[in-house]
Amino acid sequence: VGSEMCIRDSSHVIGQVDYDNYGVSGVERYFDKELKNESLKNQPLELTLDTNIQHLISEELNKAMITFQATGGGSLLMDINTGEILSMVSLPDFDPNSKNFDENSAFNKNTLGVYEFGSVMKIFTTAIGIEENIFKPNTLYEIDDHIYVGKHKVHDVHRPCETKKCTVEEIFVHSSNVGTINMIRDIGPELQKNYLYDLGFFDQVIVNLPERAEPLIPDPWRMVNTESISYGYGLSISPLHLALATSTVLNGGYIIEPSLIKKDNQLFKNQIFSEQTSEIMRYLLNRVVDEGTAKDAFGKDSNKKYAGKYSDYKYLVGGKTGTARKINNKSYASEKMTTFISAFPINKPKYLVLISLDDPKGIVGEYDTPYNTWGYTDAGWNAARVSRQIIDRISPILDTKSKYLPSDNLLINTSLQ
């Protein structure tokens, strides 16, 4: 039963063979010739997946789908410096040994699905502006109650600060759409396009799977596209695109290539962000967890299931929430896709975790109801919570610290301190 569960957990990665033993999806198809080559049969194909972690993440994601009544979910765990993929889960999954499953279950959301990701895209708007010295974390922007993108009126869920002008740090940590649009107007479309191209957002991701999506890019690319993309609408990419680009922002600025096959140490030379920009972004992402839109997910005592007192320790995690309305018949529907992308330990990142939930529902209960969301459905109430549960469970397996006591005097290294 255990091995059957492992196969199901990894169904989209392993893939299927047909009745004639030809690979039709996943690694089975991608490496079909190698797997059939008699001369290579003593050289096993060693995947980067960690089966224990894969099962554990699949378990947590399945629980989250039930808890939040989501229609689907996806997760990625990746080495932020080498691109090795330690876990890739797409739900619903399927039994690769069975021929009876529907197309929805066979669809790999992580590599074949393309989505508008909402506010996680603010990571790139902020990093580009800092790298190009257009603004700094303490640069002030005036925040009005709304702003127009073309004819569309854009609001913030809540103000990022108490005063009329807010800093870039406050705009990012509290996820202000209005502030981000002001920031991209200073950056402009050409710089934005150049960086998004370098980050791989205009092409398929090259990975050891046949299921790979083409991003959906606006053509023509007008100023209204630049503004909407700055806060997460108008450009559709796969979760793997998002994971790789975020890794680049946080790992010192290096473009990495994803891999499902174990390799010797990979050295990447193409650096598009400076170490200083990376340091600042690590600081800002940690502030999101400490004080911003992910505070409730990471700030409370895990034994009390998020409804109890604040705990003594703090998390060595940095992340960004993203909540995007889904498109239905060419217009935005009430259904949402929520995402939390995070890295740990954030002072010197090793691992990136990406969690997405498709159309999660709010939970309304008594004050101490586990996972009570007071009816809210944004990412901080669901995807970020699932990420925290997963990080709590995988960090000991990875022998990597994910939390610390303030008395440790451990500083998140940043050029701001």
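Reader: Is phenylalanine 340 buried or exposed, and what is its relative accessible area?

Author: In this predicted model, phenylalanine 340 has a relative accessible area of 0% and is buried. The cut-off for that word is under 20%.

Reader: How many aromatic pairs does a search of the whole structure find?

Author: The search finds ten aromatic pairs. A pair of aromatic rings is described by two quantities, the distance of the centres and the angle of the planes. Take phenylalanine 298 and tyrosine 315: their centres are 5.1 Å apart and their planes are at 80 degrees, an edge-to-face pair.

Reader: Which parts of the chain does that pair tie together?

Author: Phenylalanine 298 belongs to helix H14 (residues 295-298) and tyrosine 315 to strand S7 (residues 314-315), so the contact joins parts that are 17 residues apart in sequence. Both phenylalanine 298 and tyrosine 315 are buried. For phenylalanine 298 the relative accessibility is 3%.

Reader: What kind of pair do phenylalanine 298 and phenylalanine 340 form?

Author: A tilted one, with 5.7 Å centre to centre and 40 degrees between the planes. Here helix H14 holds phenylalanine 298 and strand S9 (residues 331-344) holds phenylalanine 340, so this pair ties together parts that are 42 residues apart in sequence.

Reader: Which residues do ring pairs link into a cluster?

Author: Tyr197, Phe202 and Trp221 are linked in this way.

Reader: Where does the charged end of lysine 320 sit?

Author: The charged end of lysine 320 is placed over the ring of phenylalanine 172, at 5.8 Å from the ring centre. The distance cut-off for such a contact is within 6 Å.

How values were computed:
Residues numbered from 1 in each chain as written. Predicted model: local features only at pLDDT ≥ 70, side-chain atom pairs only at ≥ 80, totals over all residues. Heavy atoms only, no water. Phe/Tyr/Trp six-rings, centres within 6.5 Å; stacked < 30°, edge-to-face > 60°. Helix = DSSP H or I, 4+ residues; strand = E, 2+ residues; numbered from the N terminus. Buried < 20%, exposed > 50% of the residue type's maximum accessible area, 1.4 Å probe, protein only. Lys NZ or Arg CZ within 6 Å of the ring centre and 35° of its normal.
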